[in-house]
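Subject: Structure for you to look at

Hello,

Here is the structure I promised. Please open it next to this message and follow along.

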Amino acid sequence: MRSEAPSTLGSNHVSRRRLLKIIAMATAPPALGVVPAGLVYAAALTKAQRDKMTPDDIIALMKKGNQRFRLGQESPHDYLAQQKVSAKGQYPAAVILSCIDSRAPAETIMDLGIGDCFNARVAGNVANDDILGSMEFACKVAGAKVVLVMGHTACGAIKGAIDNVQLGNLTGLLAKIRPVVEATPYAGERSAKNSSFVDAVARKNVELTITDISRRSSVLADLANARSIRIAGAMYHIETGLVEFLA
Ligand SMILES: [Zn+2]
C-alpha cells in the first residue's frame, strides 16, 4: 500500500516544481523544432521517431540540448514516465564514449532522458576492445546512429598520462593515452601544469580515438561508410558548460 508523503517544505517544493513543469509542457512550443518526443518531452524515444532521424538530426538535437543546459532551460523530464515507457523497449539514438569525470555527465549536459542514448564511461574516454564491442552492439544491433567520443577540459586522466603516473591498474589505462601525448603538436610547455597543453592532448585524444574506432571496427566503419551512422567527436568545456562538436 502506498503511503501519503508527509506535507513538508520539501514536498511542497516538489509540488510546485511539478506544477511548473506541467505549465511549461503545456505552453512551451516544440522548442527544438523538429524535435521528436523523447529528446524533449516526457516519454522515451520510440523506434519510429528514432529511425526517421538522420545522424545529423541527432547531433543537432544534442547541440540544442546542451544549449538548453547552458541556459538553465532543461526539458521538463518526467523520469518516471520515461522509465515506464522505456521498460518496454529501448531505441537510443546515440552511443557516447565519455570520461568518468564527475563533472561531465553526458546525459545531463546535453539534456537527454532515459532511453535516449547509450553511455560508455571510462577515464580518458579510451576505446578498448570491450568499448568497441559495446558500440557495435549499440549501432548494429540496437540501431543507434551516432557514435560520439566526448573528451573534456582539465581531464585528470590526460594529466596522468602526461605525467606518466604509475598506479595499479591505472598504469595500463594511461599507457593507452601516452601515444596521444607524443602525437600532440604543441610549441609551449608540455606539462600537466599547463592547462592549454592538457586540453590540446584531450582534443587530440578525441580525434585519434575516432580514427581508431574506424580502423579497429569494420562493423562500425561499414555503417559509417554507408552513412547509416556518423562517428563524431566533441570536447566538453567544464568551465563554461559548452559541448563543442568537432568538425
Ligand atoms: Zn577526464
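Two residues are in contact here when heavy atoms of theirs lie within 4.5 Å. Keep in mind that this is a predicted model.

I'll start with a glycine. G233 sits in strand β4, which covers residues 230–237. Which residues does G233 touch, once its neighbours within four places in sequence are set aside? They are L148, V149, V206, I210, E244, F245 and L246. G233 has a relative accessible area of 2%, so it counts as buried.

E207 leads on to the charged pairs. In general, side chains of opposite charge can pair when their charged atoms come close. This structure holds 11 salt bridges. I picked out three of them.

**K204 and E207.** The closest N and O atoms of this salt bridge are 3.8 Å apart. Both residues belong to helix α10, residues 195–216. Why are K204 and E207 separated by about one helical turn? Because they are three residues apart in that helix. K204 has 21% relative accessibility and is therefore partly exposed. E207 is partly exposed as well, at 37%.

**R216 and D212.** These side chains also meet in a salt bridge, with 2.8 Å from N to O. They too lie in helix α10, four residues apart, or about one turn of the helix. Salt bridges with shared partners join D129, D212, R215 and R216 into one network. D212 comes out at 19%; the cut-off for buried is under 20%, so D212 counts as buried.

**D51 and R50.** Here the salt bridge again spans 2.8 Å, N to O. D51 is partly exposed, with 34% relative accessibility. R50 is buried, at 3%.

Next, the metal. Which residues supply the protein donors of the zinc ion? They are C99 through SG, H152 through NE2 and C155 through SG. These donors lie 2.0 to 2.3 Å from the zinc ion. Their spacing in sequence reads C-x52-H-x2-C. C99 and C155 link distant parts of the chain, being 56 residues apart. C99 is in the loop between β1 (94–98) and α5 (106–109). C155 is in the loop between β3 (146–152) and α7 (156–162). Both cysteines, C99 and C155, are buried.

Last, a pair of helices. Two packed helices are described by the angle between their axes and the distance between the axes. Helix α6 (residues 129–141) packs against helix α11 (residues 218–225) at about 40 degrees. Their axes are 9 Å apart. That angle makes α6 oblique to α11. The crossing of α6 and α11 is left-handed. On the α6 side, the contact is made by L132, M135, E136, C139 and K140. On the α11 side, V219, L220 and L223 make it.

For a quick tour, go to G233 in strand β4, then to the salt bridge of K204 with E207.

Best wishes

How values were computed
Residues are numbered from 1 along each chain as its sequence is written. This is a predicted model: local features need pLDDT of at least 70, side-chain atom pairs count only at pLDDT 80 or more; totals for chains, interfaces and linings use all residues. Side-chain values use heavy atoms; hydrogens and water are left out. Donors are N, O and S atoms within 2.8 Å of the metal (3.2 Å for Na, K and Ca); water is not among the atoms, so sites may look incomplete. Helices (H or I, at least four residues) and strands (E, at least two) are DSSP runs, numbered from the N terminus. Buried means under 20% relative accessible area, exposed over 50%, partly exposed in between (1.4 Å probe, protein chains only). A salt bridge is a side-chain nitrogen of Lys or Arg within 4 Å of a carboxyl oxygen of Asp or Glu. Axes are lines fitted to C-alpha atoms, for helices over the stretch in contact, and angles run from 0 to 180 degrees between N-to-C directions. Angles under 35 degrees count as roughly parallel, over 145 as roughly antiparallel, 65 to 115 as roughly perpendicular and the rest as oblique. A crossing is left-handed if the near helix is turned anticlockwise from the far one by less than a right angle, and right-handed if clockwise.
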